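Dear colleague,

I am passing on the structure that we spoke about, and below it you will find a short account of what was found in it. Please read the account with the structure open beside you.

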Amino acid sequence: MSTKKIITLMMVLVISLSLVLSACGGGGTQKSSKVATLIFTQEPDTLNWLYSNMYFSQILAQVYNVWTWEYDDQNQPYPVLITELPSVENGGISADSKTITLHLRDDIVWSDGKPITSADYMFTYEMYINPVNTVSTTYPYDQLAGVETPDAKTVVMTFNEPFAPWLGFWKSLLPEHILRPVFEKEGTLDNAAWNKAPTVSAGPFVFKEWQSGSFLRFVRNDKYWGDKPLLDEIFVRIVPDDASQVAALKTGDGDLGIFISYPDIPGLEEAGLTIVSVKSGYSEGMFMSLSDKTNPALQDVSVRQAIAYALDREKVSKDLLLGKTRPGATLWDNSPYVDPTLTPYPYDPAKANELLDAAGWIDSNGDGTRDKDGVELVLRYGTTTKEVRQSFQAIAQQELAQVGIGIELFNYDSDIFFASYGDNGPTYNGDLDIFEWSDVPTSFPDPDIAYWLCSEIPSDENPQGLNAQYICDEELDGLFQLQTTQVDMNARIATFHQISKIMYDKVYWLSLWLDPDIWAVSSRLVNVKLSGSTPFYNVTEWDLK
Amino acid sequence: MTRYILRRLLQGIPLLFIISILLFVMLQNMGDPLATMGGRTVTRSEDRARLARQLGLDKPILVQYIYWLVGNDWTHVDVDGDGIAETQGIRKGVLRGDFGNSLVRRQPAMDVILDRLPNTLILMLTSEFVVIIGALVIGVYSAIKQYSLLDNAVTAFAFVGYSMPIFFIALSAMYIFAVNFKRWGLPYLPTVGMFDPQVGETPGQIILHLILPVLAISINSFSAYSRYVRSAMLEAMNQDYIRTARAKGLPRREIIFIHALKNASLPIVTVVGLDLPFLLGGALVTERIFAWPGMGRLFLDHVSRGDTPVVMGIMMLIAIAVIIFQILTDIVYAWLDPRIRYN
């Protein structure tokens with residue numbers, strides 16, 4: 001046979017094989033079981049919540065291991081494992097706000113049929129605070145004075161001081177009857193097989209299989225105590241590339257995707273997918289650093305206000321983000337703690353120039369940027385390598401140049417950008433005058449944020465300090481400490497209005513745009529509602545057309 | 001030959017030691033694994049300090065390297081943060097086969113790596129096989145039919161394929177053969193993953209999902225390989241022994257495949273020998289785009305999270321493979337060319 005014939009034969013074989021395999025195995029194959037495919041752009045670190053605060057580990061909780069209370073699509077809490085949310089009125093919260101009592105439902109069971117009891121709560125608490133376990137965070141369990149379990153269905157939490165962010169508890173529950181023997185044998189839960197392959201669960205699905213880097217499978221929990229799920233299986237496919245996620249959603253290789261970038265929205269809608277914007281509490285914002293190392297111009301509130309007036313954030317939301325979001329005013333927009341009287345600074349470059357002139361920042365040497373006392377108004381502005389942030393940086397550089405503020409741009413990978421003072425991270429070391437990321441209150445929708453406290457300012461003595469802004473405002477510090485003790489919601493709201501007003505007036509932080517989670521849902525997956533806190537809270541109602 | 005192999009293996013030990021020190025020092029300066037712990041918010045300062053202590057990240061770099069190399073079960077560590085090292089260490093160290101626990105996955109680093117190795121080998125060996133066979137067929141044909149229409153066409157294709165970045169080839173292939181084929185109502189290929197969950201993990205599904213990633217890798221690598229084969233064959237075909245073989249009336253097929261190709265194989269073996277160990281590292285871009293769960297993605301994911309145990313494990317595996325494949329390449333040299341001896 002000639003070489004030409006061999007080549008021809010090989011080509012025919014390859015093409016034929018592709019077409020045959022494609023025709024008989026490609027997308028669209030129908031089987032009787034209902035399998036919804038979720039696309040995650042990152043692989044969960046673990047299925048044991050104690051060991052990861054990673055987003056994709058956390059959002060899976062509602063699939064296989066419910067929270068004690070969850071949040072609906074309006075981010076309102078509702079009881080799941082307990083009979084009612086504790087309050088002062090129903091006696092669940094004591095008059096001095098130092099004791100919170102939970103009453104567990106009678107019908108709740110693990111997927112092996114064993115009842116969920118207060119012993120599971122006590123065990124979970126013990127595992128969080130035991131130093132032999134390298135848990136991702138001990139908060140808020142390290143705020144407890146103790147936990148008591150007077151009977152199998154009652155859990156009593158006691159505090160030394162009133163603790164307002166108590167809704168941050170019990171986002172994970174460990175099966176004591178399964179894991180205590182493991183802990184007693186190994187001396188830690190760090191290496192428990194359960195972390196990767198939970199054998200029992202409290203949620204509507206149970207873990208079936210996890211192939212590293214590829215997929216996770218969860219099948220219906222036939223012993224689930226709540227409403228039975230309509231789907232047979234949840235298949236989580238790991239697709240790290242954004243463009244590939246979009247392609248997979250368009251071809252039906254995925255039914256639900258998250259973190260859709262704004263430019264991809266029109267194409268997905270055209271392909272028949274529904275775009276859902278979920279209020280997750282995140283806001284993209286500029287942090288102003290007042291460290292000794294940063295440009296002294298930022299110590300001047302007029303300069304910070306001028307920056308706010310010089311940036312056309314409405315236009316950015318409209319053009320760069322396709323009008324799918326808007327600028328915010330505070331870190332607590334889209335939450336009950338927002339002060340409705342505060343509105344975003346308007347775009348007013350004339351006002352910015354006026355403020356800078358009045359503060360004595362003028363271009364005395366004609367180099368195009370303002371200066372004062374020999375200090376040039378040139379600011380180092382850093383963020384991560386995320387594309388939309390880099391685009392905004394370029395816009396900000398142009399707009400600030402028009403009012404005489406020079407900008408030098410810096411971009412870093414996340415693990416470098418967020419590296420601590422002790423690890424010489426640029427943000428925490430005061431190497432940047434302005435830094436940008438998207439942030440959310442730690443236990444959203446609870447409003448508490450720790451990194452504005454004076455005690456969090458990084459230093460040689462406090463190398464892990466989180467106050468990268470180096471802002472120690474005593475009034476603000478006092479208010480932040482006060483709100484953590486205000487169990488009464490109205491009092492706490494009033495405190496947050498004061499906090500917001502100070503931060504807004506002094507422009508310690510400037511909202512660029514509210515940063516909702518953008519999800520894409522295929523037309524065949526129905527009844528999907530998504531929450532900003534517990535996204536898959538109604539997973540039992542999901543169905544396939 | 002045996003002495004030569006043993007000598008080369010012994011030479012590899014200090015080399016691996018030096019490589020491990022260099023890599024370890026470099027990795028310590030690539031970011032803070034506790035910065036976000038993968039979350040969307042920064043880690044609390046108390047948790048950073050506690051985890052740094054529990055995971056041994058607060059130790060000087062030399063101590064961390066010693067723990068990585070020989071373990072810490074000969075000493076005590078401070079687990080509860082009271083300043084007293086009260087708990088016996090449990091790490092055995094690389095020299096006793098313990099690469100440590102992944103900081104991200106909290107499971108043995110070697111388990112994390114070995115989970116991905118088969119997937120990488122499926123993708124990379126298939127691609128390498130397709131590339132080598134394709135390059136041999138096209139390269140030999142181009143050499144014996146120099147400046148023919150096919151030779152010119154393949155040359156042009158090779159240069160285009162070689163000059164296109166692989167992400168462009170991969171995404172183009174995905175959008176043409178999956179997204180657009182579906183839109184046009186044609187049988188279409190899957191975009192991502194290793195199988196369709198509705199069908200299951202069958203050999204047919206895996207082959208189907210291999211087509212696009214293998215195509216992307218092959219187009220890029222095929223171009224270089226086919227040029228090597230072509231030039232080596234052209235050189236061999238002009239040698240005196242080929243003229244002699246022709247004069248003696250040997251069949252053309254025997255001249256090309258037995259005499260010319262075998263002698264032309266030396267430079268090709270060198271290239272393949274250099275490439276093979278890096279197959280273990282997977283295809284970083286292709287695996288990411290096609291969501292193929294291989295070593296390339298594992299490396300990217302974990303290096304971006306500062307997961308030293310896993311990244312060191314991957315790098316050391318590749319370093320060992322490079323040394324072994326270099327020795328194998330030398331052995332193949334001797335087999336192909338009887339003039340080469342290692343005595």
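**What was found**

In chain A, 49% of the 545 residues count as buried, where a residue is buried if 20 or more other C-beta atoms, placed from the backbone, lie within 10 Å of its own. Please keep in mind that this is a predicted model, in which local features need pLDDT of at least 70 and side-chain atom pairs count only at pLDDT 80 or more, while totals for chains, interfaces and linings use all residues. Residues are numbered from 1 along each chain as its sequence is written, and chains are lettered from A, with ligands numbered from 1, in the order in which they are written.

Chain A contains 14 helices and 21 strands, which are DSSP runs numbered from the N terminus (helices are H or I, at least four residues; strands are E, at least two). Its C-alpha atoms fill a box of roughly 85 × 75 × 40 Å along the principal axes. Among contacts in chain A between residues at least 6 apart in sequence, 67% join residues at least 24 apart, a contact meaning that the two C-beta atoms, placed from the backbone, lie within 7 Å.

Turning to chain B, 41% of its 343 residues count as buried. Chain B has 12 helices and 2 strands, and along the sequence their order is α-α-α-β-β-α-α-α-α-α-α-α-α-α. The C-alpha atoms of chain B fill a box of roughly 85 × 65 × 35 Å, again taken along the principal axes.

With kind regards

Notes. Buried ≥ 20, exposed ≤ 12 C-beta atoms within 10 Å, placed from the backbone.
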